[in-house]
Structures are given as C-alpha cells and as structure tokens.
Amino acid sequence: MTIIRQQDLIDSVADALQFISYYHPLDFIHAVHEAYLREESKAAKDAMAQILINSRMCAEGKRPICQDTGIVTVFVEVGMDVQWDAELSLEEMINEGVRRAYLHPDNKLRASILSDPAGARTNTKDNTPAVIHTSIVKGDQVDIQLAAKGGGSENKSKMVMLNPSDSIVEWVLKTVPTMGAGWCPPGMLGIGIGGTAEKAAILAKKSLMDPVNIHQLQASGAHNTADKLRLELFDAVNNLGIGAQGLGGLTTVLDIKILDYPTHAASLPVCMIPNCAATRHAHFVLNGTGPSLQTPPRLDEYPDIAWDASAGARKVNLDVVTPTDVLTWQPGETLLLSGKMLTGRDAAHKRMIDMMSRGEPLPVDLAGRFIYYVGPVDPVRDEAVGPAGPTTATRMDKFTSTMLEKTGLLGMIGKAERGQIAIDAIKAHKAVYLMAVGGAAYLVSKAIKSAEIVAFPELGMEAIYEFDVQDMPVTVAVDAGGTSVHQTGPAQWYDIIQARQIT
C-alpha cells in the first residue's frame, strides 16, 4: 500500500501550475515552428513569430505566456491501493495547490475565477476552485493531468447531439468557421464522441492533454475510426484557410485530438473544444516517494526566431492622433503605437453603459482615445505591468455602437475578429479596430512603460487602466471604411488552397 502525503500533492500541483504558466510543452512549440516555416501568408507568419518569441521570453523570464492564466482543470486517477496521510479532502488539497501557485510572489498569476456566476460574479482572488474530475482505478499511485484553460478558447466550445446517420466531419467543418479567431489559432481541436452530453464534453477536454503527434499518425497510418477522423479533419480544417489568429493562411490547427465512448443507439453526442496558442498542460504521478516536480526544458530546444516589427510599419502617436489620420490607415497595415491608451473589458464596459443610461458622467474621458481590451497580470519586481495580451474583442461588440456614438471613442484594440454589428458601427463612426496577437502577452507587456488604474479599482484585473506604451505592434483589423481582414484574409487563402487542390 502506498501512502501519499498531503504536502506532496499540494506542492506537486503548485509546481505544475507555475511551470505551465511560462513553459509551453515542447511538442507544441515544435509544431508551431514547423507551421511557421511553411507558412506563406505574411500576416499569419508574423503572428506565429510573435507567439514563438513570446514563448522563449516567458521561458527565460519565468512569466506567464498569456495574461489569461486560465481556469484550472484537473483529471485525477487515484489507485485503489493508495492511502492518504492528509487532513484535507482530495479536492481541498488540489485547490490549496492552485491557491499557492496563483499567489506565488515571484510569479503571481491572474485570478480570473468568479463565484456566483449568474449573479454578483465576485472574484475569488486566488483562482480557486479548480474543475476536478476524479476516477478510482487499479493500482497504488495517483496520476494527475492538469491544464490552465483560457476563457477565450473555452468560450468557443461547441456541443451537438447529432443523429446517428449524420456526418461528424460535416458538422466540424460547418462549425469551425463560426468560432472565429477568439480561440487564438493555431492550436488544437479536442473532440469527444459518444457517451452522453456531459461525457462527450469531458472526453473532448481530456483529449487535449495528449501531445501533438499528428505527423507521426500521418506516417504510420490510421489504426481505428478515431485515427481516420483525425487525419481527415486535420487536412479539412486547415484547408478552410482560417490561419493563425484568423488572418488567413495554411495552418489553423496543429493537431486534432479525438476520444470516444460507447453511446446509446439513438444518440451521437459530439463536443469540440479548442486549445489556443497558449496551450498549457502537465502530467505527474505520485507514488509515495515525495512530490513530483516538473523538469524544465533546455532553452536551446526553442527555435531562434527573428521578427522586426518596425519593418514597413507606420508609427502612431496616440497623444496627437486625429480622426483624419485614422482614415488613412489601411486594412492589414502594421502600426507601432506610442503614447497613452485606456483599457477596459466586459465589466468596465457594462459599468460605463449603465452610467450613460442613467445620465451619469463617466470617470474617464474617452473622446479621441483608444481603448485596449485587456485584463493584465499584476506586475512583479520592476515591471510596469505583467503580461498584458488582448482579450476577445467580440465580447465588446454589443457595447461598440453606444461607446462610439456617446463617448467619441476613436479606436479599439483587441484579439481576433469583430462581429458585423461592431463592423457596421466602426464604419458608421469612421473609427478603427486594431488587433494585437493573442498568445504574445509578455512580448506586448514590454511595450508598456507605465500603468495606472484610473477607474473602477474594485474590478481588479477588469479595472480601467491608463497605459503609456512605446512601439506596441498592432494590425489594422477593421479600417474606417469597414473592411475586416478577418473576412478578407481567410477568404483569400481558402481560394488559394482550393485552387492548388484542383490543379
């Protein structure tokens, strides 16, 4: 019989979560690098360059890959011959490990978990509780797989109850384009098939714990139905031309993962969950000999990528930019932003909309300003701010028309595409939407020279900050005329890929 000590489990969980906050799995890095080398779309290639550079910077600086340090998901297999030397329950031990990881003074992670989700939505301040799935299995060990899952990719999860005669491939190919780029491709798609609705979702999530190995499967060939589906979907999804960050290109997915389970004769449950460019997961086993700690990769295993943001870029001073200047910016153009910008995401936008509806003055003047959709990580040491990558812009779409009309806001900065309602508002008000790369949060933070909370401090990471930035790289994603590169880019690359297949 194996005895597992409480402290060993807590220490192992805390170590794994700190580790994955700044180390990508090497198989994922190598897959992104391979995609980068063969990518022909300049916009997609530049996005992957930023992701790879950010990854190495995080490994060196031991700071989070993404400002969204995720909701913790844990799969635990407890051997039937295990005995515990513990006062806490299994879930309490895991959550204590989460708490210690996210409050670590040298690398404090962003607390994103809110209690009372349909009501007050109050931040728990330590990122607990985790979502924990426990199985009792044969053996005398405790096997743990855990991940930190970002909200942007988790929000794009899709679930369907198909008829048994329906095509899973057709559903996936119809559904992936509706997900937009808020899940930060290139990444992986985890697909769960069978069981019941909740079982399919768990299978999809668990499949994302596996390493990237689609190229090995291509070389060996399929051995079962799931393998055949993986191979077919890998090619078919990439042929959609969505590309890195949804900008159009050859690589949208790095791998397709599938787990299945027996199901009812009348049912075909299917769940699809994407993993983003900040893929973070770890595995460890406790066998009674002490904590199980992660082994850091060697930095020479990271690709050495050079990327010059200034090449051909337009420099913009946010302190003096005018509506006339914005009219000259072209779709897909790279800008380097300097000067002062405000920040704000869901909670801040909701507060401001409510204040305007009551006729109350806003705490900040937005006229002629740019607002960055971000919830940064707290700074450590001499940082002005912690990793501060963009959040999914479509969540602010419903506020955009009112914000542009009532406040004189000139531009917005976020991640991925805008919906048609926001594009129409941008065009009507001759405003602009700029895109920063999701999955490059630490790289972006290096352009932020100072950060000050100027409104709603009680909202924590969702407070309104004023950032002073220098040469922050962004792309004109929706210009003042309403042209969206997230529509034109994928359409162009879909046509290119289809033409190649015909010839």
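Visitor: How many strands does the open sheet have, and in what order do they stand?

Guide: Let's start with the general idea: strands of a sheet pair through backbone hydrogen bonds, either parallel or antiparallel. In this predicted model, an open sheet is built from 4 strands in the order 8-11-9-10, and its pairing is mixed.

Visitor: Which strands stand at the edges?

Guide: Strand 8 (158–162) and strand 10 (253–261) do. Each has a single partner strand, so one side of each is left without a neighbour in the sheet. From one strand to the next, the twist averages 15 degrees.

Visitor: In which sense do strand 8 and strand 11 pair?

Guide: Strand 8 pairs with strand 11 (residues 268–275) in the antiparallel sense, over 5 bridges.

Visitor: Which strands does helix 9 lie across?

Guide: Helix 9 (residues 225–238) lies across strand 9 (187–194) and strand 10. The helix runs at about 145 degrees to strand 10.

Visitor: Where is Thr251, and is Thr251 buried or exposed?

Guide: Look in the loop between helix 9 and strand 10 for Thr251. To read burial, compare the relative accessible area with the cut-off: buried means under 20%. Thr251 has a relative accessible area of 1%, so this residue is buried. Beyond residues up to four places away in sequence, Thr251 touches Ala35, Arg38, Glu39, Pro186, Asn238, Gly243 and Ala244.

Visitor: What about Tyr494: where is that residue, and how does its accessibility count?

Guide: Tyr494 is part of helix 15 (residues 485–502). The range for partly exposed lies between under 20% for buried and over 50% for exposed. Tyr494 has 38% relative accessibility, and therefore counts as partly exposed. Leaving aside residues up to four places away in sequence, Tyr494 touches Asn239, Leu240 and Gly241.

Visitor: How far apart are Tyr494 and Gly221?

Guide: Distance can be read in two ways here. Along the sequence, Tyr494 and Gly221 are 273 residues apart, while in space they are 27 Å apart, C-alpha to C-alpha.

Visitor: How many residues are in the largest nonpolar core?

Guide: A nonpolar core is a set of buried residues joined through side-chain atoms. The largest one here has 99 residues, and Leu17, Val74, Val76 and Leu146 have the most contacts inside it. Helix 3 (residues 42–61) gives the most to this core, with 10 residues. Apart from this core lies another of 29 residues, among them Trp329, Ile413, Ala436 and Val476.

Visitor: What does Val74 touch?

Guide: Not counting residues up to four places away in sequence, Val74 touches Ile94, Ala130, Val131, Ile132, His133, Ile144, Gln145 and Leu146.

Visitor: How many cavities of 30 Å³ or more are there?

Guide: A cavity is a space where a probe fits but cannot get out, whereas a pocket is open. Searching the whole structure gives 3 cavities of 30 Å³ or more. The largest cavity holds about 80 Å³ of space. Its lining has 14 residues, with Ala147, Ala148, Lys149, Asn275 and Arg280 nearest its centre. Strand 7 (residues 142–149) provides the largest share of that lining, 3 residues.

Visitor: And how much space lies in the second largest pocket?

Guide: About 500 Å³. This pocket is lined by 25 residues, and the closest to its centre are Lys42, Ala43, Asp46, Gly332 and Thr334. Helix 3, strand 19 (464–478) and helix 15 each supply at least two residues of the lining.

Notes: Residues numbered from 1 in each chain as written. Predicted model: local features only at pLDDT ≥ 70, side-chain atom pairs only at ≥ 80, totals over all residues. Heavy atoms only, no water. Pairing = 2+ DSSP bridges. Axes fitted to C-alpha atoms, helices over the stretch in contact; angles between N-to-C directions. Contact = heavy atoms within 4.5 Å. Buried < 20%, exposed > 50% of the residue type's maximum accessible area, 1.4 Å probe, protein only. Core = buried A, V, L, I, M, F, W, Y, C linked by side-chain atoms within 4.5 Å. 1 Å grid on protein atoms, 1.4 Å probe; cavity = no way out; pocket = protein on both sides within 12 Å on 5 of 7 lines; lining within 4 Å. Points joined across faces, edges and corners; volume = space filled by probe spheres on them.
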